[in-house]
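This report looks at salt bridges and at one helix. Please view the sequence and the structure before reading on.

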Amino acid sequence: MRFRVLGTVEIAVDGVPVAGTAPRHRAVLAYLLLNAGQLVSAERIIDAMWGPTPPDTARAQIHAAVTAIRRALRSVQVEGLLETKSAAGYVVRPGLGDFDLAEFDALVALGHARATDDPRGAAQALRTALGLWRGEALADVAADYVAGTRARLGEKRIATIERLIEVELTLGRHRDIIDELADHAVANPLRERLHAQLVLALYRSGRQADALGAARTFRAQLAERQGLDPGRAFLALEQAVLRDDPSLALPEQRSPNTDHTPEPPRSDNAPKTIDGPPVASDRTGAAHRRQTPPTSPPNFLPYDIPDFAGRVAELDQLTAPRTDDTRAPNVVVLDGMAGIGKTTLAVHTAHRMTDRFPDGGLFIDLQGHTPGSRPIDPGAALELLLRQLGIPADRIPMPDADRGAMWRAELATRALVVVLDNAVDAEQIWPLLPGASPSLLLITSRRRLLDLDGAQAISLDLLSSVDAIALFGRIVGERAAAEPQDVLDVLRLCGFLPLAVRIAAARLHHRPRWSVAYLASRLRDQQHRLAELSTADRGVAAAFALSYEYLTPDQQRVFRLLGLHPGRDIDPRATAALADISDRAAEEHLEELLDAHMSAQHEPGRYTQHDLLREFARATAAATEPLADREAATTRLFEHYLYHARAAVDLLYPYNTDARTPLPEPTRPIAPFRDTAAAAAWLAAERANLVSTTATAAHCAWPLRVSDLADTLRVYLDGNSRHSDAAILHEAALQAARRAHDRDAEGRALTDLGWTAWRRGDYPVAEELSRQAVELCGATGMDREEARAWNTLGNVAARRRGFESAREYYAKALELAHGSDNRVGQAHVLGNLGVILDLCGLPADADDHLNRALTLHRELGNRHGEALVLNYIGLVHRRGGNLEQAMRHHRQSAELYAAQNNHSDRAAALNGLGETARAAGDRAGALDEHAAALRLAEENGNQPERARAAEGLARAHRDLGNLDLARHHAEQALTGWSTLRVPEADDVRAFLEELG
């Protein structure tokens with residue numbers, strides 16, 4: 001059995017992949033294998049799989065993946081390779097020779113060790129290592145970590161190929177490897193070492209002309225794609241081939257007097273270098289320009305940084321040949337937020353395009369966002385551009401209109417590449433545009449130049465993780481490769497903003513005692529992150545400040561206040577509340593900020609900010625806005641969310657309105673929802689904001705109605721199985737209530753937290769919190785909340801098979817619900833009590849309670865409660881042997897849950913169908929229903945139903961004689977029930993003993 005990641009990710013036996021794992025499962029397996037022998041926490045796996053935005057079901061999906069991997073391993077009789085270390089995480093320990101990447105690394109190390117004393121053995125080891133590759137690494141999986149890892153493994157592979165070729169050339173096998181080497185060169189057109197090896201192999205095979213042709217091909221490709229010339233070593237090799245230098249022969253073929261370093265002939269005026277040949281005459285740079293006669297084309301392009309990385313799609317778009325035959329100039333606008341790399345890309349593109357525009361390259365900084373300077377007016381810009389063309393100052397006319405005419409006349413027949421950097425607006429650019437010209441104009445601006453008709457606009461986004469890793473690595477060097485996970489942490493903290501990445505990498509490069517992990521720890525300090533991302537000459541905050549200064553006062557105020565918003569995005573209506581302006585004005589300001597790249601938009605109507613820009617806005621607000629104004633803005637935002645959430649929940653759950661705490665009249669108008677679909681859509685869009693706003697409000701120094709929002713959202717979050725969000729919300733409400741000494745709010749929060757713990761399967765916590773709630777609510781006379789707490793205690797007791805205690809607790813809950821005229825509570829408790837009465841041997845009483853509960857839920861319009869009781873009736877019918885009735889009620893329950901998109905609770909109905917099918921002798925049907933229940937339970941984090949589904953699968957497989965599968969699912973069930981600490985664990989242990 002072997003684990004394979006050098007190609008598709010597989011568990012293979014005798015070269016045949018083992019079935020049973022989906023791509024997501026294999027992505028988890030690959031990540032564990034890449035960290036073989038190390039304990040990997042679930043949090044780290046989640047981060048690797050989804051990055052900064054994992055789904056709510058992330059932990060359940062990881063558990064499902066580990067389960068699937070273990071199932072696949074067991075199918076080939078392999079046990080114990082994948083271990084779970086309690087809550088700490090997972091560790092995989094492949095045996096010696098069982099993991100292709102580990103074998104690859106070992107063979108490469110062996111090849112390096114043998115290269116000097118045993119080159120034949122080295123070549124064999126390296127070829128064997130490369131033979132383990134079956135294509136691109138991690139070829140069939142997708143996850144956040146994959147792209148960077150795939151790039152690093154690909155680099156290891158190509159470096160090994162180069163080392164193998166080097167050894168083969170040393171052995172004199174140049175003729176044997178030419179075809180292979182040519183294929184590698186074609187696949188890696190910019191890999192200088194490979195192409196140099198091809199040139200040398202061709203030359204040693206007596207093919208001097210082909211060698212020179214290969215060198216020319218590489219030079220052309222490098223110039224075309226990167227705008228660069230080859231390095232000194234390649235140029236020296238090319239010159240040596242050209243003059244048939246004997247030093248290129250194998251050592252045993254050289255004459256004794258041959259110098260081993262090829263040296264081209266020097267002329268007296270060739271610029272000297274410390275080592276290597278003179279600077280090539282066709283390279284651009286200061287040395288070349290100093291020697292260039294005055295008649296040569298002007299080149300005023302700034303320095304093109306050698307560590308440029310990424311932007312492949314943008315470069316392809318910028319450098320693509322024009323397909324039209326128009327004489328209009330090619331005008332391209334690069335816009336984007338401060339620090340996104342607009343100027344860097346424009347300059348890099350201009351250097352790459354000089355061969356297509358032989359009449360020169362011009363550059364001007366229009367100072368649209370330059371500290372201490374006003375934007376250059378078009379007339380002054382025209383004078384500078386004309387001077388760069390070599391026109392004497394005394395020939396340049398004074399009127400701006402005449403200067404523009406001269407500029408257009410000069411460009412009419414010239415093919416120039418012109419960079420107009422840092423434009424403030426379209427008005428500044430219009431006079432600088434030529435008429436008919438074969439030239440290319442690259443314009444950069446922090447604003448979207450919407451009024452520049454006819455221009456091609458390219459809005460730059462953040463760097464991809466692959467490009468950011470490449471940029472960071474080129475600046476930092478080997479330390480980046482040694483700490484790949486910490487590099488990703490740094491890049492995330494930099495928000496993948498090029499300027500931030502450059503500054504962070506430069507700081508690390510100049511501090512040799514720092515590790516990447518240490519840099520990441522400094523950047524995690526949110527209060528000082530912007531200070532960390534600055535140097536003496538530049539900084540992220542300084543770049544943002546320049547953009548901020550060009551906003552109008554009203555735009556600046558909205559921008560500052562957006563920094564107070566604790567969520568990830570915001571709509572115009574919430575912005576209006578935050579800034580105390582109209583909805584229309586808020587939308588206009590948001591759109592203006594979007595045009596200025598001071599905000600972003602990922603979907604229509606919703607706006608967000610880059611993390612670093614949000615920190616800048618927050619810091620600017622703290623320094624500018626009085627504390628009272630900040631508190632007032634935050635209060636308006638919270639009340640906006642509270643009142644709109646109440647309106648949406650009242651529309652969706654009208655049967656429960658009397659259970660919610662009354663609210664005073666709002667201070668701002670509340671826009672009504674047109675229907676239930678609109679209300680549900682708003683809650684879905686704002687759920688994360690509602691939770692984060694509540695959690696933030698709980699820590700405010702001034703009172704906010706946190707308890708009211710938690711009370712409002714309780715039924716929505718519970719009905720949609722958002723129990724993790726509910727836990728955060730109710731904990732915030734509890735803390736706020738205790739700080740305010742509000743005993744009623746504290747009682748509600750304890751009741752809600754107890755119920756949420758029950759729903760999450762944390763029964764000890766549910767019991768403890770519910771007992772606290774019973775005591776507090778009993779003392780304060782909150783009968784409705786006390787009834788709910790007793791109901792939770794009844795649920796916990798029932799789960800532990802304490803049926804008499806459960807019956808007692810439910811009776812108390814029902815009495816309190818009647819006394820407080822709580823019909824919703826009565827319906828729920830009647831249903832629960834009906835199930836317990838059946839278990840206590842009172843089927844007639846059970847039927848009466850269940851039918852009363854069903855009737856009451858239907859009268860109230862509580863479809864969730866109706867589905868719950870239908871499922872209960874199905875359970876009672878199954879226990880009574882009425883299988884047809886049981887199947888009908890479970891099916892109705894499942895359909896109702898599906899109609900409400902409540903997939904977590906639907907798992908309970910499907911498990912009921914599975915148990916009924918098995919009781920009817922339909923084992924195949926049982927397998928189908930339990931498998932569907934297991935999938936829903938895993939996706940939604942429903943621990944009890946997941947264990948129940950696994951047990952159902954185990955028993956159905958046992959009935960069918962599939963004992964291995966029965967054992968596997970029984971072990972899953974035992975793990976689940978044991979975690980929940982319920983009696984079902986003993987049932988499964990006995991079942992496993994029966995299996996033997």
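Is E43 buried, partly exposed or exposed? E43 is partly exposed, with a relative accessible area of 46%; here buried means under 20% relative accessible area, exposed over 50%, and partly exposed in between (1.4 Å probe, protein chains only).

The model is predicted, so local features need pLDDT of at least 70 and side-chain atom pairs count only at pLDDT 80 or more, while totals for chains, interfaces and linings use all residues. Residues are numbered from 1 along each chain as its sequence is written, and side-chain values use heavy atoms, with hydrogens and water left out.

**Salt bridges**

The structure holds 74 salt bridges, a salt bridge being a side-chain nitrogen of Lys or Arg within 4 Å of a carboxyl oxygen of Asp or Glu.

| Pair | N to O distance |
|---|---|
| R59 and E43 | 2.5 Å |
| R560 and E625 | 2.6 Å |
| R801 and D987 | 2.5 Å |

The side chains of R59 and E43 meet in a salt bridge. R59 lies in helix α3 (residues 58-75) and E43 in helix α2 (residues 42-50), so this pair ties together parts 16 residues apart in sequence. Helices (H or I, at least four residues) are DSSP runs, numbered from the N terminus, as are strands (E, at least two). R59 is partly exposed, at a relative accessible area of 47%.

R560 forms a salt bridge with E625. R560 belongs to helix α24 (residues 553-562), whereas E625 sits in the loop between α27 (611-624) and α28 (627-652), so the pair ties together parts that are 65 residues apart in sequence. R560 is buried, with a relative accessible area of 9%, and E625 is buried at 8%.

R801 forms a salt bridge with D987. R801 is in the loop between α34 (783-799) and α35 (803-819), and D987 is in helix α44 (residues 984-995), so the parts tied together are 186 residues apart in sequence. R801 is partly exposed at 37% relative accessibility, and D987 is partly exposed at 29%.

A network of salt bridges links E155, E162, R163, E166, R191 and R193.

**Helix α42**

Helix α42 (residues 943-959) has 17 residues and should span 24 Å; its end C-alpha atoms are 25 Å apart, which agrees. The expected span is 1.5 Å times one less than the number of residues. Of the 17 residues in α42, 14 are buried. N942 caps the N-terminal end of α42, with a side-chain oxygen 3.3 Å from the backbone nitrogen of E945. Just after α42, G961 takes a positive phi of about 85°.

Key: Polar contact = N/O pair within 3.5 Å; in protein donor to acceptor, adjacent residues only side chain to side chain.
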